[in-house]
Amino acid sequence: MGAMLNTRAVGAARLGASSVRFSVGRIAHRVRPLVATLARRRHAIASASNDPPEVAVLGGGAAGLTAAYFAAKEGARVTVYERTSEAGKKILMSGGARCNVLPVAGSAADFVTESTPRLLKNVLASWNVERCREWLEDDVGLALGIEHVTNKYFPLSNSSREVRDKLLQACVSEGVKVRYGASVESLRRTDEGWALRIRDASEENVPVVVLAMGGLSFPAVGTDGTGYAIARRDLNHVLNEPYPALVPLTGAHPGGEMMPGVSVDVSLECETVAVGDEKSKKKKKKSKASREGFLFTHRGYSGPSVLDLSHNVVRPLARLAREGGASERDDEKSVDGTTPLPSLVVNWSGESREMWQTRLTAPPGKALVATRLRDALPQRLADALLVEGGIDNTCKVADLRKENRLKLLDALTRYTIPVDGHQGYRKAEVTGGGVALDEIDTKSMQSLASPGVFFCGEVCDVFGRIGGFNFLWAWTSGRLAGMSAARKVLDGTRTVA
């Protein structure tokens, strides 16, 4: 790992960048007006330890803890209400327990939303990767390095637990209280703000709420969709229907036999057929996976390329199932055999059809077709594609019939994955859909339908592709929501700079 990570101590480029960062722009960003800062500190010091919170953060995940940190940094009294016995459980699971905390760079193109794209851009513009990295390193206290193969930041410790623990400690150091086993079931508007109905406890009143309760993915860590229920029922929000995203797909493997464990770098595209009137031609819209990793599983397909494009297939599947009376908590959804879906089309080697045509016809004619495939692909996959082409393992190049060669070329360069379902929220890395950004003031993350409530994290209709982008959304939306919530309480609504 040490060879893969470029640390600040050894990276001359980053040392140079560090000196550049001490510019007027960074100083302006770093230094707040002295009078305002002292006023907030006096407010925090004067608050007795038993005083009720001014900002209630519902949910102790990455976004919630970030919101709590920045709200407390502004001087507000903050309490995190965490329904389980431990905060940040999902952080512990991320990146194979290594925790890829950030991508090297990010833009709106790395995210998926059904909301107005401009609104997503507004939130992302409130912070950037570099400033977020500085916060994680300088304020949270994480030593980070770049894994160049994947263009992601990881903690040098390779420990997701360190990320969670240091983020939690940073919150506590700013005076944030965390209440475990505090499951907020509903919100009720009051003259002073909001009443929290807490399971097995009395109602509590707070001026401002940050809703950061996550989605439905990984229910084992405590996510159950309560945030969506509160947004719909108590806050009068219309949601873009949630669905499992970044989720493994199910379906048969090429050749008719399953080959779990086989991995290969591919070029994967999603093709959506847009149908116009009867006289117009069908047009195919394509989106390409930014990653190449592809994995055959016991039940179908996974890997970064599959996960990144899975929402294109899963979203219509989940919505179809819901219209048919299925629950959002169903672990699996299957095609009913009648509804057209987008297609995932794979080129198994990433090489062109012309290159394979040359490879399959080049002398010597006595060479086996199987050998030509195995030179470029894993053997089990190569043999399965021979079956797809109707070609025997002993067939020689000179004996390969044109009809079979054309079928094999299709299988090699334009194979349509036979998706018949997905593995549901239990295996989904995130939840797609959620509270539409069109119903949020994206300058502050405050609800337009219920002022005094702020949203952040997975409960919003935003998720990013594989590679640290969902952490970037959590950090960015959490910061914006937390600072805005505190400022609403302390000195009225101001735009976050």
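**Strand and helix notes**

I started with a residue pair: L196 stands opposite E204 in strand 11. Before going on, I noted that this is a predicted model, with local features needing pLDDT of at least 70, side-chain atom pairs counted only at pLDDT 80 or more, and totals for chains, interfaces and linings using all residues. Residues are numbered from 1 along each chain as its sequence is written, and side-chain values use heavy atoms, with hydrogens and water left out.

I use DSSP runs throughout, numbered from the N terminus: helices are H or I with at least four residues, strands are E with at least two. Strand 10 (residues 194-198) pairs with strand 11 in the antiparallel sense over three bridges; pairing takes at least two DSSP bridges between the strands. I then traced the open sheet, which has three strands in the order 9-10-11 with antiparallel pairing. Strand 9 (184-189) and strand 11 (204-206) are the edges; each has a single partner strand, so one side of each has no neighbour in the sheet. On average, neighbouring strands here are turned by 30 degrees against each other, direction ignored.

**Strand 21**

Is strand 21 (residues 343-347) mostly covered or uncovered? I found it mostly covered, with four of its five residues buried (under 20% relative accessible area; exposed is over 50%, partly exposed in between, with a 1.4 Å probe and protein chains only). Strand 21 runs antiparallel to strand 22 (residues 415-416), and two bridges join them. V346 stands opposite Y415 in strand 22.

**Helix 7 on helix 8**

Next I checked helix 7 (residues 129-140) against helix 8 (residues 160-173): they pack at about 70 degrees, axes 10 Å apart. Axes are lines fitted to C-alpha atoms, for helices over the stretch in contact, and angles run from 0 to 180 degrees between N-to-C directions. Helix 7 and helix 8 are therefore roughly perpendicular (65 to 115 degrees). W135, D139 and V140 of helix 7 make the contact with K166, L167 and A170 of helix 8, where contact means heavy atoms within 4.5 Å.

**Helix 6 on helix 16**

Last, I looked at helix 6 (residues 117-124) and helix 16 (residues 469-491), whose axes come within 9 Å and cross at roughly 80 degrees. That makes helix 6 roughly perpendicular to helix 16. I listed L120, V123 and L124 in helix 6 as meeting W473, T476, S477 and L480 in helix 16.

Terms used: Parallel < 35°, antiparallel > 145°, perpendicular 65-115°, else oblique.
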